[in-house]
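Hi,

Here is the structure I promised to send over. Have a look at it first, and then read on for what turned up.

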Amino acid sequence: MAHLFDFDVKNTPRKAYGSMAFILVGLLIFPFVAAHYGNSWVRIIDMALLYIILALGLNIVVGFAGLLDLGYIAFYAVGAYMTGLLASPQFATLLESIISQYPALGEFLVSVLGQGIRTNGIHLSVWLIVPLAGGLAGLFGAILGAPTLKLRGDYLAIVTLGFGEIIRIFMNNLNAPINFTNGPQGINLIDPIRVFGVSLGGEAGSRATVVVGGLSMPSVNAYYFLFLLLCVAIIFVTTRLQHSRLGRAWVAIREDEIAAKAMGINTRNIKLLAFSMGASFGGVAGAMFASFQGFVSPESFSLTESIAVLAMVVLGGIGHIPGVIVGGMILAALPEVLRHVVEPAQNALFGRVIIEAEVLRQLLYGLAMVLIMLNRPSGLWPAPKSEDRPDADLDKPEPASGVIVA
(Lines give C-alpha, C1' and ligand atoms only; values in the text may rest on other atoms or scores of the structure.)
Protein backbone atom coordinates (compact mmCIF):
# COMPACT_ATOMS: atom_id res chain seq x y z
CA MET A 1 0.00 0.00 0.00
CA ALA A 2 2.81 2.39 0.88
CA HIS A 3 4.38 1.72 -2.56
CA LEU A 4 1.20 2.82 -4.33
CA PHE A 5 0.45 5.93 -2.28
CA ASP A 6 2.69 8.30 -0.38
CA PHE A 7 1.40 11.03 1.93
CA ASP A 8 4.74 12.44 3.09
CA VAL A 9 4.14 16.07 2.11
CA LYS A 10 7.47 17.21 3.55
CA ASN A 11 9.83 14.86 1.71
CA THR A 12 7.86 13.88 -1.43
CA PRO A 13 5.29 16.66 -1.93
CA ARG A 14 4.51 15.93 -5.59
CA LYS A 15 3.72 12.26 -5.00
CA ALA A 16 1.84 13.05 -1.77
CA TYR A 17 -0.45 15.64 -3.35
CA GLY A 18 -0.92 13.41 -6.41
CA SER A 19 -1.98 10.51 -4.15
CA MET A 20 -4.41 12.75 -2.26
CA ALA A 21 -5.94 14.10 -5.48
CA PHE A 22 -6.33 10.62 -6.97
CA ILE A 23 -8.06 9.24 -3.86
CA LEU A 24 -10.29 12.32 -3.51
CA VAL A 25 -11.48 12.10 -7.12
CA GLY A 26 -12.22 8.39 -6.65
CA LEU A 27 -14.21 9.08 -3.48
CA LEU A 28 -16.21 11.87 -5.12
CA ILE A 29 -17.32 9.74 -8.07
CA PHE A 30 -17.91 6.57 -6.02
CA PRO A 31 -21.57 7.19 -5.02
CA PHE A 32 -22.59 7.94 -8.61
CA VAL A 33 -21.03 4.69 -9.83
CA ALA A 34 -22.37 2.65 -6.90
CA ALA A 35 -25.90 4.03 -7.42
CA HIS A 36 -26.24 1.73 -10.46
CA TYR A 37 -25.99 -1.26 -8.10
CA GLY A 38 -28.41 0.01 -5.45
CA ASN A 39 -28.26 2.45 -2.55
CA SER A 40 -27.20 -0.24 -0.09
CA TRP A 41 -23.55 -0.04 -1.22
CA VAL A 42 -23.42 3.71 -0.57
CA ARG A 43 -25.04 3.15 2.83
CA ILE A 44 -22.34 0.60 3.68
CA ILE A 45 -19.64 3.20 2.95
CA ASP A 46 -21.58 5.81 4.95
CA MET A 47 -21.27 3.58 8.01
CA ALA A 48 -17.63 2.84 7.15
CA LEU A 49 -16.89 6.59 7.18
CA LEU A 50 -18.43 6.87 10.66
CA TYR A 51 -16.25 3.98 11.83
CA ILE A 52 -13.19 5.72 10.38
CA ILE A 53 -14.01 8.79 12.51
CA LEU A 54 -14.25 6.50 15.55
CA ALA A 55 -11.00 4.74 14.67
CA LEU A 56 -9.16 8.06 14.25
CA GLY A 57 -10.40 9.14 17.69
CA LEU A 58 -9.33 5.87 19.29
CA ASN A 59 -5.97 6.13 17.51
CA ILE A 60 -5.20 9.23 19.59
CA VAL A 61 -5.63 7.20 22.77
CA VAL A 62 -4.17 3.85 21.67
CA GLY A 63 -1.89 4.76 18.78
CA PHE A 64 -0.38 8.06 19.89
CA ALA A 65 -0.50 7.84 23.70
CA GLY A 66 -0.28 4.04 24.02
CA LEU A 67 -3.27 3.77 26.41
CA LEU A 68 -5.31 0.59 25.80
CA ASP A 69 -9.00 1.58 25.82
CA LEU A 70 -11.66 -1.14 25.52
CA GLY A 71 -14.59 1.12 26.42
CA TYR A 72 -14.30 3.66 23.63
CA ILE A 73 -17.77 2.93 22.26
CA ALA A 74 -19.22 4.54 25.42
CA PHE A 75 -18.35 7.99 24.05
CA TYR A 76 -20.08 7.08 20.78
CA ALA A 77 -23.16 6.24 22.86
CA VAL A 78 -22.99 9.55 24.76
CA GLY A 79 -23.06 11.55 21.52
CA ALA A 80 -25.83 9.44 20.01
CA TYR A 81 -28.10 9.60 23.06
CA MET A 82 -27.57 13.34 23.49
CA THR A 83 -28.75 13.79 19.90
CA GLY A 84 -31.70 11.47 20.54
CA LEU A 85 -32.71 13.53 23.56
CA LEU A 86 -32.32 16.98 22.00
CA ALA A 87 -33.53 16.29 18.44
CA SER A 88 -36.61 14.07 18.89
CA PRO A 89 -39.92 13.87 20.79
CA GLN A 90 -38.08 11.99 23.58
CA PHE A 91 -37.72 15.15 25.68
CA ALA A 92 -41.53 15.32 25.98
CA THR A 93 -41.47 11.83 27.53
CA LEU A 94 -38.63 12.89 29.83
CA LEU A 95 -40.55 16.01 30.85
CA GLU A 96 -43.65 13.96 31.66
CA SER A 97 -41.67 11.73 34.03
CA ILE A 98 -39.99 14.79 35.62
CA ILE A 99 -43.39 16.44 36.24
CA SER A 100 -44.72 13.26 37.89
CA GLN A 101 -41.66 12.99 40.18
CA TYR A 102 -40.69 16.65 40.68
CA PRO A 103 -43.63 18.89 39.69
CA ALA A 104 -41.88 22.17 40.54
CA LEU A 105 -38.86 21.36 38.37
CA GLY A 106 -41.07 20.17 35.52
CA GLU A 107 -43.18 23.34 35.53
CA PHE A 108 -40.02 25.46 35.64
CA LEU A 109 -38.70 23.71 32.50
CA VAL A 110 -42.04 24.28 30.74
CA SER A 111 -42.01 27.97 31.67
CA VAL A 112 -38.45 28.35 30.32
CA LEU A 113 -38.71 26.23 27.18
CA GLY A 114 -42.37 26.79 26.27
CA GLN A 115 -45.53 24.73 26.24
CA GLY A 116 -44.59 23.07 22.93
CA ILE A 117 -42.09 20.74 24.58
CA ARG A 118 -44.94 18.93 26.38
CA THR A 119 -45.98 17.35 23.09
CA ASN A 120 -43.15 17.85 20.62
CA GLY A 121 -40.01 17.69 22.76
CA ILE A 122 -36.89 19.66 21.85
CA HIS A 123 -35.71 19.82 18.24
CA LEU A 124 -32.37 21.62 18.27
CA SER A 125 -30.27 21.89 15.13
CA VAL A 126 -27.77 19.06 14.87
CA TRP A 127 -25.05 21.66 14.28
CA LEU A 128 -25.69 22.94 17.78
CA ILE A 129 -25.87 19.40 19.16
CA VAL A 130 -22.58 18.24 17.57
CA PRO A 131 -20.28 20.55 19.59
CA LEU A 132 -22.33 19.76 22.71
CA ALA A 133 -21.96 16.04 22.03
CA GLY A 134 -18.22 16.40 21.45
CA GLY A 135 -17.83 18.47 24.63
CA LEU A 136 -19.89 16.08 26.79
CA ALA A 137 -18.02 13.04 25.42
CA GLY A 138 -14.72 14.85 26.11
CA LEU A 139 -15.88 15.47 29.70
CA PHE A 140 -16.70 11.77 30.07
CA GLY A 141 -13.25 10.98 28.65
CA ALA A 142 -11.64 13.12 31.37
CA ILE A 143 -13.84 11.44 34.00
CA LEU A 144 -12.61 8.04 32.75
CA GLY A 145 -9.01 9.19 32.52
CA ALA A 146 -8.73 10.86 35.94
CA PRO A 147 -8.92 7.72 38.14
CA THR A 148 -6.91 5.57 35.69
CA LEU A 149 -3.81 7.73 35.26
CA LYS A 150 -1.53 5.36 37.16
CA LEU A 151 -2.83 2.22 35.47
CA ARG A 152 -1.16 0.62 32.48
CA GLY A 153 -1.62 -2.30 30.15
CA ASP A 154 -4.08 -4.99 31.22
CA TYR A 155 -5.28 -3.06 34.27
CA LEU A 156 -6.19 -0.02 32.18
CA ALA A 157 -7.95 -2.26 29.64
CA ILE A 158 -10.10 -3.84 32.39
CA VAL A 159 -11.10 -0.45 33.85
CA THR A 160 -12.02 1.01 30.46
CA LEU A 161 -13.92 -2.16 29.58
CA GLY A 162 -15.94 -1.76 32.79
CA PHE A 163 -16.61 1.91 32.00
CA GLY A 164 -17.98 1.03 28.56
CA GLU A 165 -20.28 -1.62 30.01
CA ILE A 166 -21.49 0.75 32.75
CA ILE A 167 -22.52 3.32 30.15
CA ARG A 168 -24.35 0.69 28.07
CA ILE A 169 -26.19 -0.66 31.12
CA PHE A 170 -27.11 2.88 32.15
CA MET A 171 -28.58 3.53 28.69
CA ASN A 172 -30.49 0.26 28.95
CA ASN A 173 -31.98 1.01 32.37
CA LEU A 174 -32.26 4.79 32.62
CA ASN A 175 -36.00 4.81 31.88
CA ALA A 176 -37.28 4.86 35.47
CA PRO A 177 -38.14 6.72 37.60
CA ILE A 178 -37.14 9.45 35.12
CA ASN A 179 -37.18 8.33 31.50
CA PHE A 180 -33.99 9.70 29.93
CA THR A 181 -33.18 6.95 27.40
CA ASN A 182 -36.44 5.01 26.90
CA GLY A 183 -34.61 1.87 28.03
CA PRO A 184 -34.24 -1.13 25.71
CA GLN A 185 -36.79 0.32 23.29
CA GLY A 186 -34.40 3.09 22.32
CA ILE A 187 -35.18 6.55 20.96
CA ASN A 188 -36.72 6.95 17.51
CA LEU A 189 -37.98 9.77 15.26
CA ILE A 190 -34.65 11.58 15.58
CA ASP A 191 -34.46 14.56 13.23
CA PRO A 192 -32.28 14.16 10.12
CA ILE A 193 -29.39 16.54 9.54
CA ARG A 194 -30.23 19.80 7.79
CA VAL A 195 -27.66 21.78 5.80
CA PHE A 196 -28.75 25.32 4.90
CA GLY A 197 -32.36 24.29 5.41
CA VAL A 198 -32.11 21.18 3.19
CA SER A 199 -32.94 17.92 4.98
CA LEU A 200 -30.41 15.21 4.13
CA GLY A 201 -33.09 12.65 4.95
CA GLY A 202 -35.27 14.00 2.11
CA GLU A 203 -38.50 15.91 2.54
CA ALA A 204 -41.78 14.12 3.28
CA GLY A 205 -43.16 12.34 0.24
CA SER A 206 -39.87 12.57 -1.70
CA ARG A 207 -38.92 8.90 -1.20
CA ALA A 208 -35.69 9.94 0.56
CA THR A 209 -34.57 12.12 -2.34
CA VAL A 210 -32.59 15.25 -1.58
CA VAL A 211 -32.77 18.21 -3.97
CA VAL A 212 -29.90 20.71 -3.85
CA GLY A 213 -29.85 23.53 -6.39
CA GLY A 214 -31.88 21.56 -8.92
CA LEU A 215 -29.69 18.44 -8.50
CA SER A 216 -31.47 15.48 -6.93
CA MET A 217 -29.72 12.59 -5.21
CA PRO A 218 -30.64 9.78 -2.80
CA SER A 219 -30.42 10.57 0.92
CA VAL A 220 -27.55 8.12 1.40
CA ASN A 221 -25.48 10.04 -1.18
CA ALA A 222 -26.09 13.35 0.60
CA TYR A 223 -24.99 11.81 3.91
CA TYR A 224 -21.98 10.29 2.13
CA PHE A 225 -20.65 13.70 1.06
CA LEU A 226 -21.25 15.14 4.54
CA PHE A 227 -19.46 12.26 6.28
CA LEU A 228 -16.63 12.43 3.74
CA LEU A 229 -16.16 16.15 4.46
CA LEU A 230 -16.20 15.45 8.19
CA CYS A 231 -13.62 12.66 7.75
CA VAL A 232 -11.31 14.98 5.80
CA ALA A 233 -11.60 17.62 8.56
CA ILE A 234 -10.80 15.08 11.30
CA ILE A 235 -7.87 13.65 9.31
CA PHE A 236 -6.48 17.19 9.04
CA VAL A 237 -6.92 17.78 12.79
CA THR A 238 -5.34 14.46 13.82
CA THR A 239 -2.43 14.97 11.42
CA ARG A 240 -1.75 18.40 12.89
CA LEU A 241 -2.01 16.94 16.38
CA GLN A 242 0.43 14.17 15.56
CA HIS A 243 3.14 16.61 14.47
CA SER A 244 2.54 19.13 17.26
CA ARG A 245 4.31 19.36 20.61
CA LEU A 246 1.31 17.61 22.15
CA GLY A 247 1.56 14.75 19.67
CA ARG A 248 5.27 14.29 20.36
CA ALA A 249 4.50 14.27 24.09
CA TRP A 250 1.94 11.49 23.55
CA VAL A 251 4.50 9.46 21.62
CA ALA A 252 7.10 10.01 24.36
CA ILE A 253 4.64 8.66 26.95
CA ARG A 254 3.86 5.69 24.71
CA GLU A 255 7.53 4.81 24.27
CA ASP A 256 8.70 5.34 27.86
CA GLU A 257 6.52 7.13 30.40
CA ILE A 258 9.24 7.33 33.07
CA ALA A 259 11.70 8.93 30.65
CA ALA A 260 9.00 11.34 29.47
CA LYS A 261 8.30 12.40 33.04
CA ALA A 262 12.01 12.82 33.68
CA MET A 263 12.24 15.16 30.69
CA GLY A 264 9.60 17.44 32.21
CA ILE A 265 6.43 16.26 30.43
CA ASN A 266 3.35 16.55 32.64
CA THR A 267 2.19 12.99 31.97
CA ARG A 268 -0.98 13.40 34.02
CA ASN A 269 -2.37 16.27 31.96
CA ILE A 270 -1.14 14.85 28.65
CA LYS A 271 -2.93 11.55 29.30
CA LEU A 272 -6.13 13.36 30.26
CA LEU A 273 -5.93 15.35 27.03
CA ALA A 274 -5.54 12.11 25.05
CA PHE A 275 -8.64 10.59 26.65
CA SER A 276 -10.67 13.79 26.23
CA MET A 277 -9.71 14.56 22.64
CA GLY A 278 -10.20 10.97 21.51
CA ALA A 279 -13.56 10.82 23.28
CA SER A 280 -14.75 14.07 21.67
CA PHE A 281 -14.31 12.50 18.20
CA GLY A 282 -16.43 9.58 19.40
CA GLY A 283 -19.15 11.99 20.58
CA VAL A 284 -19.23 13.74 17.19
CA ALA A 285 -19.49 10.39 15.37
CA GLY A 286 -22.32 9.36 17.72
CA ALA A 287 -24.30 12.54 16.93
CA MET A 288 -23.88 11.87 13.19
CA PHE A 289 -24.90 8.23 13.63
CA ALA A 290 -28.10 9.11 15.52
CA SER A 291 -29.18 11.65 12.90
CA PHE A 292 -28.32 9.27 10.06
CA GLN A 293 -30.16 6.29 11.52
CA GLY A 294 -33.05 8.22 13.08
CA PHE A 295 -32.96 5.68 15.92
CA VAL A 296 -30.60 4.68 18.75
CA SER A 297 -30.75 1.78 21.19
CA PRO A 298 -28.28 0.15 23.63
CA GLU A 299 -27.64 -2.76 21.23
CA SER A 300 -25.64 -0.43 18.97
CA PHE A 301 -23.04 0.18 21.69
CA SER A 302 -22.01 -3.29 22.86
CA LEU A 303 -18.52 -4.52 23.75
CA THR A 304 -18.13 -6.09 20.31
CA GLU A 305 -18.35 -2.61 18.77
CA SER A 306 -15.49 -1.38 20.98
CA ILE A 307 -13.40 -4.39 19.99
CA ALA A 308 -14.21 -3.84 16.31
CA VAL A 309 -13.01 -0.21 16.47
CA LEU A 310 -9.84 -1.28 18.31
CA ALA A 311 -9.26 -3.95 15.66
CA MET A 312 -9.46 -1.26 12.96
CA VAL A 313 -6.65 0.67 14.66
CA VAL A 314 -4.45 -2.37 15.32
CA LEU A 315 -4.99 -4.18 12.01
CA GLY A 316 -4.67 -0.99 9.96
CA GLY A 317 -1.41 0.14 11.53
CA ILE A 318 -1.37 1.43 15.08
CA GLY A 319 -0.44 5.10 15.32
CA HIS A 320 -0.37 5.57 11.51
CA ILE A 321 -3.27 7.68 10.24
CA PRO A 322 -3.42 6.30 6.64
CA GLY A 323 -3.20 2.76 8.04
CA VAL A 324 -6.04 3.41 10.51
CA ILE A 325 -8.20 4.73 7.65
CA VAL A 326 -7.50 1.61 5.55
CA GLY A 327 -8.23 -0.66 8.54
CA GLY A 328 -11.45 1.20 9.31
CA MET A 329 -12.67 1.03 5.72
CA ILE A 330 -11.88 -2.67 5.28
CA LEU A 331 -13.19 -3.94 8.61
CA ALA A 332 -16.34 -1.78 8.51
CA ALA A 333 -17.24 -2.62 4.93
CA LEU A 334 -16.05 -6.26 4.76
CA PRO A 335 -18.87 -7.84 6.86
CA GLU A 336 -21.52 -6.00 4.82
CA VAL A 337 -19.89 -6.92 1.51
CA LEU A 338 -19.78 -10.56 2.63
CA ARG A 339 -23.47 -10.33 3.54
CA HIS A 340 -24.24 -9.59 -0.12
CA VAL A 341 -21.75 -12.09 -1.56
CA VAL A 342 -21.94 -15.24 0.62
CA GLU A 343 -25.31 -16.65 -0.45
CA PRO A 344 -25.03 -15.84 -4.20
CA ALA A 345 -21.56 -17.44 -4.22
CA GLN A 346 -22.88 -20.64 -2.64
CA ASN A 347 -25.78 -20.76 -5.11
CA ALA A 348 -23.36 -20.34 -8.02
CA LEU A 349 -20.93 -23.01 -6.75
CA PHE A 350 -23.25 -25.63 -5.21
CA GLY A 351 -26.71 -24.74 -6.52
CA ARG A 352 -28.01 -24.17 -2.98
CA VAL A 353 -27.15 -22.44 0.30
CA ILE A 354 -25.16 -24.86 2.48
CA ILE A 355 -24.23 -22.54 5.37
CA GLU A 356 -26.40 -19.62 6.46
CA ALA A 357 -25.07 -16.24 5.38
CA GLU A 358 -24.85 -14.84 8.92
CA VAL A 359 -22.77 -17.77 10.22
CA LEU A 360 -20.42 -17.91 7.25
CA ARG A 361 -20.08 -14.11 7.16
CA GLN A 362 -18.78 -14.00 10.74
CA LEU A 363 -16.51 -16.98 10.07
CA LEU A 364 -14.93 -15.33 7.03
CA TYR A 365 -14.65 -12.01 8.86
CA GLY A 366 -12.77 -13.65 11.75
CA LEU A 367 -10.60 -15.62 9.33
CA ALA A 368 -9.65 -12.44 7.47
CA MET A 369 -8.57 -10.80 10.75
CA VAL A 370 -6.44 -13.84 11.71
CA LEU A 371 -4.75 -13.92 8.29
CA ILE A 372 -3.97 -10.19 8.43
CA MET A 373 -2.33 -10.54 11.83
CA LEU A 374 -0.34 -13.62 10.78
CA ASN A 375 0.98 -12.04 7.59
CA ARG A 376 1.16 -8.39 8.67
CA PRO A 377 1.76 -8.32 12.44
CA SER A 378 2.52 -4.57 12.33
CA GLY A 379 -0.74 -3.86 10.48
CA LEU A 380 -1.73 -3.50 6.84
CA TRP A 381 0.03 -0.13 6.59
CA PRO A 382 2.40 0.31 9.55
CA ALA A 383 3.95 3.63 10.46
CA PRO A 384 7.44 4.27 9.03
CA LYS A 385 10.22 4.03 11.61
CA SER A 386 11.12 7.70 11.31
CA GLU A 387 7.57 9.12 11.49
CA ASP A 388 7.72 10.19 15.13
CA ARG A 389 11.10 11.93 14.95
CA PRO A 390 12.11 15.26 13.37
CA ASP A 391 14.46 14.85 10.42
CA ALA A 392 17.37 16.38 12.34
CA ASP A 393 17.07 13.74 15.06
CA LEU A 394 17.25 10.68 12.84
CA ASP A 395 19.95 8.23 13.79
CA LYS A 396 22.53 8.27 11.01
CA PRO A 397 25.38 5.77 11.02
CA GLU A 398 28.79 7.38 11.26
CA PRO A 399 31.26 6.56 8.49
CA ALA A 400 33.68 3.79 9.31
CA SER A 401 37.15 5.01 10.31
CA GLY A 402 38.87 1.66 10.17
CA VAL A 403 39.99 2.04 13.79
CA ILE A 404 38.74 -0.55 16.24
CA VAL A 405 37.84 0.92 19.62
CA ALA A 406 39.43 -1.00 22.49
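Predicted model: local features only at pLDDT ≥ 70, side-chain atom pairs only at ≥ 80, totals over all residues.

A quick definition before the helices: a crossing is called left-handed if the near helix is turned anticlockwise from the far one by less than a right angle, and right-handed if clockwise. Helices here are DSSP runs of H or I with at least four residues, numbered from the N terminus.

Residues are numbered from 1 along each chain as its sequence is written, and side-chain values use heavy atoms, with hydrogens and water left out.

**The H2/H12 pair**

H2 (residues 39-64) passes H12 (residues 267-293) in a left-handed crossing. Their axes come within 6 Å and cross at roughly 165°; these axes are lines fitted to C-alpha atoms over the stretch in contact, with angles from 0 to 180 degrees between N-to-C directions. H2 and H12 are therefore roughly antiparallel to each other (the label for angles over 145 degrees; under 35 is roughly parallel, 65 to 115 roughly perpendicular, and the rest oblique).

Which residues in H2 meet H12? On the H2 side they are Arg 43, Asp 46, Met 47, Leu 50, Ile 53, Leu 54, Leu 56, Gly 57, Ile 60 and Val 61. Their partners in H12 are Ala 274, Phe 275, Gly 278, Phe 281, Gly 282, Ala 285, Met 288, Phe 289, Phe 292 and Gln 293. Contact means heavy atoms within 4.5 Å. The residues of this contact divide into 14 nonpolar, 4 polar and 2 charged (Ala, Val, Leu, Ile, Met, Phe, Trp, Tyr, Cys and Pro count as nonpolar, Asp, Glu, Lys and Arg as charged, and the others, Gly among them, as polar).

**Salt bridges**

A search of the whole structure finds 5 salt bridges, each being a side-chain nitrogen of Lys or Arg within 4 Å of a carboxyl oxygen of Asp or Glu. Arg 152, Glu 257 and Lys 271 are linked in a network.

Buried or partly exposed, where does each one fall? Glu 257 is buried at 13% relative accessible area, while Arg 152 is partly exposed at 48%. Lys 271 is buried, at 3%. The cut-offs are under 20% for buried, over 50% for exposed and partly exposed in between, with a 1.4 Å probe and protein chains only.

Another salt bridge pairs Arg 168 with Glu 165 at 3.0 Å, N to O. Both lie in H8, 3 residues apart, about one turn of the helix. Arg 168 is partly exposed at 24%, and so is Glu 165 at 22%.

**Two more residues**

Thr 267 lies in H12 and is buried, with 7% relative accessibility. Leaving aside residues up to four places away in sequence, Thr 267 touches Ile 253, Glu 257 and Lys 261.

Tyr 102 is in the loop between H4 (90-101) and H5 (103-113), partly exposed at 46%. Its C-alpha is 9.8 Å from that of Ile 178, 76 residues apart along the chain.

Cheers

Methods: Helix = DSSP H or I, 4+ residues; strand = E, 2+ residues; numbered from the N terminus.
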